[in-house]
Amino acid sequence: MDLSAKPTIAVLGATGQQGSAVVNALLDSQRFAVRALSRNVKSSAANALASRGVEVVQADVYNAGDLERAFAGADGVFFTTLFELAPRLLKNELVQGRNVADAAKRAGVKHVIFSTLPSIREISDGKYIHATQFDEKAEVAEYIRSLDLPTTFFVYGYFMTNVTRDPNVYRVVGPDAYELIATVPVHTKVPVTDATGDAGRAVVKAFLNPTDTIGREYLLSSEYKTIAQLAAEVGRHTGKKIRAVQLTPEETSRHVFLRLRPSQDMFNSIHEFGYAPHLTLEPTVQAFGKQGSFADFLAREKKVAFPE
Ligand SMILES: NC(=O)c1ccc[n+]([C@@H]2O[C@H](COP(=O)([O-])OP(=O)(O)OC[C@H]3O[C@@H](n4cnc5c(N)ncnc54)[C@H](OP(=O)(O)O)[C@@H]3O)[C@@H](O)[C@H]2O)c1
């Protein structure tokens, strides 16, 4: 097939978890030319993409001119906004989202896919107002809708990689024994998402079926798991002794990120009101097929990063 005839998809965050899965699935499909946006086109991750036939272009999401250049001639855009613990700007995710949406609109992009999250402020009816990583993504979605930009919205669940790549979610309690730590009761349920694998394949299916998906919002997850179930499955997979525990408020106040208001409000709201109470998994299965389970993900993931 003539390469120039393929529609071009621009992927923000292409060297990160979500974006790399989208790039992999786009390349596997052989139906698209892939343009990766990166702040540093000379990084080893950017070079690795280029060696696989991906066009890598320099772009910072805070720079409107970069985005305009990067989206020129693109048919589709995949992006999420990035939560920063120490944001440089007030409502930084809203700034990022507006930049992307405005640039996509100006470039005449035919299909945008936005990895979003629901508003915890709304879900909790104003009880939890510090989960900006959710609320600002919801504001971006609202802004996109106000522009009439043709967009499919995917609400990603709790990343499966959170419990395999971040040692801070565990604490050591003995030789080969760990606790998966939480600030909420361990029977709290989260929808889990294979952000580095299957999620990318669902995004590509949406790019292939724009008329069925544009304007709709899907919960991109395979299943709900309690924190206790996640711990038990990681234990079975690794052969280590792992159980889930709820931290005391005092222990929470010393944890690197669980002590922060965005984490606290997010988990409290999920525990009390659910992750995305307005969405179910059935439409996702119907449109994209069943997503791979947490067990499938663990079978693929080479190792689990436990603390020393
Ligand atoms: N963890 C979860 O359970 C979960 C669940 C749902 C949603 N989320 C959301 O997922 C988001 C993070 O996504 P991720 O894990 O896929 O990201 P990630 O792996 O941390 O990667 C971030 C990517 O963004 C790029 N990037 C960073 N700053 C940039 C900038 N200023 N301009 C342009 N590109 C920039 C980086 O590329 P370069 O370095 O190459 O520029 C990198 O590819 C967060 O907003 C979080 O709220 C997380």
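According to UniProt, in an unreviewed entry, residues 6–273 carry the feature "domain: NmrA-like"; UniProt positions follow the numbering used here, feature names are shortened, and annotations may be inferred rather than shown by experiment. Residues are numbered from 1 along each chain as its sequence is written. The model is predicted, and local features need pLDDT of at least 70, side-chain atom pairs count only at pLDDT 80 or more, while totals for chains, interfaces and linings use all residues. Within the span 6–273, 42% is helix and 24% is strand, and its end C-alpha atoms lie 44 Å apart. Helices (H or I, at least four residues) and strands (E, at least two) are DSSP runs, numbered from the N terminus.

The description of the strands may start with β1. Two strands are counted as paired if DSSP finds at least two bridges between them. Strand β1 (residues 8–11) pairs in the parallel sense with strand β2 (residues 33–38) over 4 bridges, and I9 stands opposite V34 in β2. From β1 the chain crosses through α1 to β2, a β-α-β crossover that is right-handed; with the strands pointing away from the viewer, the path from the first strand over the helix to the second then runs clockwise. β1 also pairs in the parallel sense with strand β4 (residues 76–80), over 3 bridges; here V11 has F78 as its bridge partner in β4.

The ligand is surrounded by 27 residues, of which G13, G16, Q18, S38 and R39 are the closest; a residue is near a molecule if its C-beta atom, placed from the backbone, lies within 6 Å of it.

Another sheet is open and consists of 3 strands in the order β8-β9-β13, with mixed pairing. β8 (170–174) and β13 (241–246) stand at the edges, each with a single partner strand, so one side of each is left without a neighbour in the sheet. Strand β9 (residues 177–182) and β13 pair in the parallel sense over 6 bridges, and the bridge partner of L180 in β13 is A244. Helix α10 (residues 227–238) packs on this sheet and touches β9 and β13, contact meaning C-beta atoms, placed from the backbone, within 7 Å.

Technical notes:
Contact = placed C-beta atoms within 7 Å. Axes fitted to C-alpha atoms, helices over the stretch in contact; angles between N-to-C directions.
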